[in-house]
Amino acid sequence: MTHLRLFKMIKNAHEPGSTADIVSLIEKHNIDINSKHSKSDSGLTLFLCACLSGNSSLISYMLRKDSALHLASFCCTTQNVTDGLSIITLLFQAGCKINSRNWLGNTPLSIAASSGNCDLVRHLLALGGDKCICNNDGIYAMDFATNAGHLDAANLLALPVSNQHMWDTVEPHTPPRVKLGLQSPCKKHLVYSSFRRKRRDFCSRVK
């Protein structure tokens, strides 16, 4: 019902004060602005509906919420696109923020990392992509790559460590099950993991 209410509100986004009410509702219920209208065959999403509304403030908000760069990065990771990197550059030059965060807090770099597309990762980094930005769950781009088994991409996204001798202090206190690789990851990381359920079940039994 919240989605349908939002679609109706966006259609009347020209009315004074409507933008603030729409934004408040989206933030309160953590709504995906790319979700489709459940009773429409046109595939119209909240974002596209906002574009049709002609309300520049609302469109600007939604671009910050989930920019075109997120969609382009996702396309590059899921489709056989020949000029994907050129599209990323074009959007960047048009003013899209390279480190914009969507409703989950993910950046375009996070999306690239989860797919293991090293060319896209390098390109986003070259344009100023910040690998030190984590999402709403505290997960970094490096974590997405590592949990999905894309170690080459993870190496590109490795975070700088201020104390290079940190493990000299940590290692003596590391539990044996962690040293042996039997410690299962945090639950929030498992949500994004590409490991098969059997592997995850095994890790949970070991604990």
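Reply: Start with a contact, meaning heavy atoms within 4.5 Å: Leu-85, Ile-88 and Thr-89 in α6 meet Asp-119, Leu-120, His-123 and Leu-124 in α8. By class, this contact of α6 with α8 has four nonpolar, two polar and one charged residues, where Ala, Val, Leu, Ile, Met, Phe, Trp, Tyr, Cys and Pro count as nonpolar, Asp, Glu, Lys and Arg as charged, and the others, Gly among them, as polar. This is a predicted model, in which local features need pLDDT of at least 70 and side-chain atom pairs count only at pLDDT 80 or more, while totals for chains, interfaces and linings use all residues. Residues are numbered from 1 along each chain as its sequence is written, and side-chain values use heavy atoms, with hydrogens and water left out.

Me: At what angle do the axes of α6 and α8 cross?

Reply: Two packed helices are described by the angle between their axes and the distance between the axes. Here the axes of α6 and α8 (residues 118-126) come within 10 Å and cross at roughly 20°, the axes being lines fitted to C-alpha atoms over the stretch in contact, with angles from 0 to 180 degrees between N-to-C directions. Therefore α6 and α8 are roughly parallel to each other, a label for angles under 35 degrees, whereas over 145 counts as roughly antiparallel, 65 to 115 as roughly perpendicular and the rest as oblique.

Me: How do α5 and α6 cross?

Reply: The axes of α5 (residues 68-78) and α6 (residues 84-93) come within 10 Å and cross at roughly 175°, which makes α5 roughly antiparallel to α6. Their contact has seven nonpolar, two polar and no charged residues.

Note on methods: Helices (H or I, at least four residues) and strands (E, at least two) are DSSP runs, numbered from the N terminus.
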